[in-house]
Amino acid sequence: MQVAVKVEDLSKKYGKLLALSHVTFSVAPGEVLGITGPSGSGKTTLLRCLASLERPDSGSIEICANTGNAVPSNKRHPCHLQVGMAFQRAYLWPHMTVIQNLMLAQTVVLGRPEQAARKRAAQLLEELHVSDKKDQLPQVLSGGQMQRVSIARMLAVDPDIILLDEVTAGLDDELVEGLQGIIRHLASTGRTLIVVSHDATFLGEIASKTAVLKNGCLTIDPNNPKIA
Amino acid sequence: MAYQWNFQVVSTYSGALLHGIGITLLLTICSVVPGTLLGAVIAWGRLSTKPVIRAFFWFYIEVFFAIPVLVLLVWVYYCLPVLLHLRLSAFQTAWICLMLSLSAFVAEIVRAGVSSIPKGEVEAARVLGMTRWQIFRLIIFPQAFRRMMPALLGQYITALKLSSLASIIGVTEIIYQTQLSIAHTYRPLELYTAAALAYVVIVLPLSLTMKRFESRIQTFG
């Protein structure tokens with residue numbers, strides 16, 4: 001079986017606190033892995049390790065892209081070629097307009113011409129129903145709008161592996177439904193998604209397999225029929 | 001009997017006062033420009049991940065926070081020649097002391113400005129594949145600069161006013177020229193009034209610029 005993300009025996013401690021304990025799983029291209037679990041169980045730490053924002057204490061992470069981005073290898077870390085992450089908080093850059101937020105990485109990391117970057121940004125904003133805010137500063141956006149712009153910013157660089165950390169927070173039912181459509185579309189194009197959420201219904205709608213993280217240990221959810 | 005004002009003396013000694021203004025401005029520029037650059041380097045040291053570097057620059061900052069500029073001026077001007085046989089001119093002594101003192105304050109302002117940028121914004125840029133230099137240039141610096149500017153301008157104004165202390169070692173800036181003119185005319189009230197007005201005229205545009213930055217920060221965060 002082809003594997004997009006392979007995690008083996010991953011452990012991470014913050015001082016004496018064990019955040020991840022011998023976590024092992026793999027995800028195939030086009031699959032959506034939903035991870036749930038109580039607060040403080042290590043879900044965000046797991047995503048941060050996958051995004052190279054945290055260094056695990058032990059274990060290994062293999063990221064294998066199935067769609068190559070035409071980016072010169074000296075432009076960014078090999079891992080960054082493939083992994084994109086949307087955070088629980090939007091963390092938009094407040095000194096730039098919404099569209100500038102989406103264009104920056106496209107131009108400076110991917111080397112896309114400004115015109116093409118603007119077109120891609122506008123298309124994503126349209127898909128996420130925030131195109132009317134493209135020339136606004138992030139401060140005037142609502143929480144839900146900020147979250148959608150943050151997702152659009154991550155998608156703008158076309159990552160192969162997409163990590164979503166509680167991205168439904170602040171979105172109403174209609175927008176969550178829209179997001180589900182986008183996730184399904186991304187998965188259908190061969191992209192791999194790992195989605196962390198407290199919302200079991202949301203995960204049930206989008207995940208091809210689900211897992212539960214508790215006290216740093218990842219276990220397969222026995223109640224979910226979609227479990228691999 | 002009411003004091004008889006005679007501002008004619010200001011006009012008579014305007015040449016000396018203008019010379020003093022020129023020296024004050026020169027001294028301020030000579031200390032502000034390298035002091036800011038040095039302060040940025042010290043801030044980088046304070047933000048270093050290496051504890052030894054952090055501790056060294058912390059000590060530097062604390063030392064120059066503690067020593068009054070007047071003491072520093074006198075010490076460098078009179079003690080250095082005795083200790084190291086190093087004789088600096090009054091102007092050199094003044095700009096070096098003002099620069100060193102200013103750099104410590106600039107370092108803390110720059111450090112605070114850079115630290116004020118949320119870690120999440122930097123991480124978002126990292127995940128998007130931006131290099132450390134790109135993150136600094138495009139995300140951290142534009143925001144930190146806006147936040148630092150009012151405090152930096154305030155510090156530059158303080159440096160300008162502190163330059164008056166250089167009169168004590170004989171730098172021919174505004175206060176020195178004023179005192180010299182007073183010695184000739186016995187008209188301290190008129191001449192000190194003129195000196196005060198000169199400072200107001202120099203500082204006011206800087207102060208207004210500071211206010212503009214403050215209002216911009218309130219708009220853009």
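# A tour from Val108(A)

Start by selecting Val108(A), which sits in helix 2 of chain A. Helices here are DSSP runs of H or I with at least four residues, strands are E runs of at least two, and both are numbered from the N terminus. This is a predicted model: local features need pLDDT of at least 70, side-chain atom pairs count only at pLDDT 80 or more, and totals for chains, interfaces and linings use all residues. Residues are numbered from 1 along each chain as its sequence is written, while chains are lettered from A and ligands numbered from 1 in the order in which they are written.

**Around Val108(A).** Is Val108(A) buried or exposed? Val108(A) is buried, with 21 other C-beta atoms within 10 Å. The scale: buried is 20 or more other C-beta atoms within 10 Å of a residue's own, exposed is 12 or fewer, partly exposed is in between, and C-beta atoms are placed from the backbone. Now show its contacts (C-beta atoms, placed from the backbone, within 7 Å). Leaving aside neighbours within four places in sequence, Val108(A) touches Met130(B), Gln134(B) and Leu138(B). Then pick Val83(A): 25 residues along the chain from Val108(A), with 17 Å between the two C-alpha atoms.

**Helix 2 against helix 4, chain A.** Select residues 98-108 and 143-155 of chain A. The axes of these two helices come within 8 Å and cross at roughly 25°. Axes are lines fitted to C-alpha atoms, for helices over the stretch in contact; angles run from 0 to 180 degrees between N-to-C directions. Helix 2 and helix 4 of chain A are therefore roughly parallel. Angles under 35 degrees count as roughly parallel, over 145 as roughly antiparallel, 65 to 115 as roughly perpendicular and the rest as oblique. Val98(A), Asn101(A) and Leu102(A) in helix 2 meet Val149(A), Ala152(A) and Arg153(A) in helix 4.

**The strands of chain A.** Strands pair if DSSP finds at least two bridges between them. Strand 1 (residues 5-14) and strand 2 (residues 17-27) of chain A run antiparallel, joined by 7 bridges. Click Val7(A): its bridge partner in strand 2 is Phe25(A). The two strands form a hairpin with 2 residues between them, and Gly15(A) in the turn has a positive phi of about 65°. Strand 1 also runs antiparallel to strand 4 (residues 58-63) of chain A, with 5 bridges. There, Ser11(A) has Ser58(A) as its bridge partner.

**Helix 1 of chain A.** Go to residues 43-50 of chain A. 8 of the 8 residues are buried, so this helix is largely enclosed by the rest of the structure. Among them are Lys43(A) and Arg48(A). Just after the helix, Ser52(A) takes a positive phi of about 65°.

**Across to chain B.** Chain B has 9 helices and 0 strands. Its C-alpha trace spans about 75 × 50 × 25 Å along its principal axes. 36% of its 221 residues count as buried. Colour the interface: 17 residues of chain B are in contact with 21 residues of chain A. Helix 6 (119-127) and helix 7 (132-162) of chain B are the elements giving two or more residues to the chain B side. Helix 6 of chain B supplies the largest share, 6 residues.

**Last stop: the core.** Which residues touch the most other members of the largest nonpolar core? Leu163(A), Ile194(A) and Leu98(B) do, among 120 residues. Helix 5 (residues 90-115) of chain B gives the most to this core, with 14 residues. Such a core is a set of buried Ala, Val, Leu, Ile, Met, Phe, Trp, Tyr and Cys residues joined through C-beta atoms within 7 Å. Finish on Leu98(B): beyond four places in sequence, its contacts include Leu27(B), Val69(B) and Leu162(B).

Definitions and conventions:
Two residues are in contact if their C-beta atoms, placed from the backbone, lie within 7 Å.
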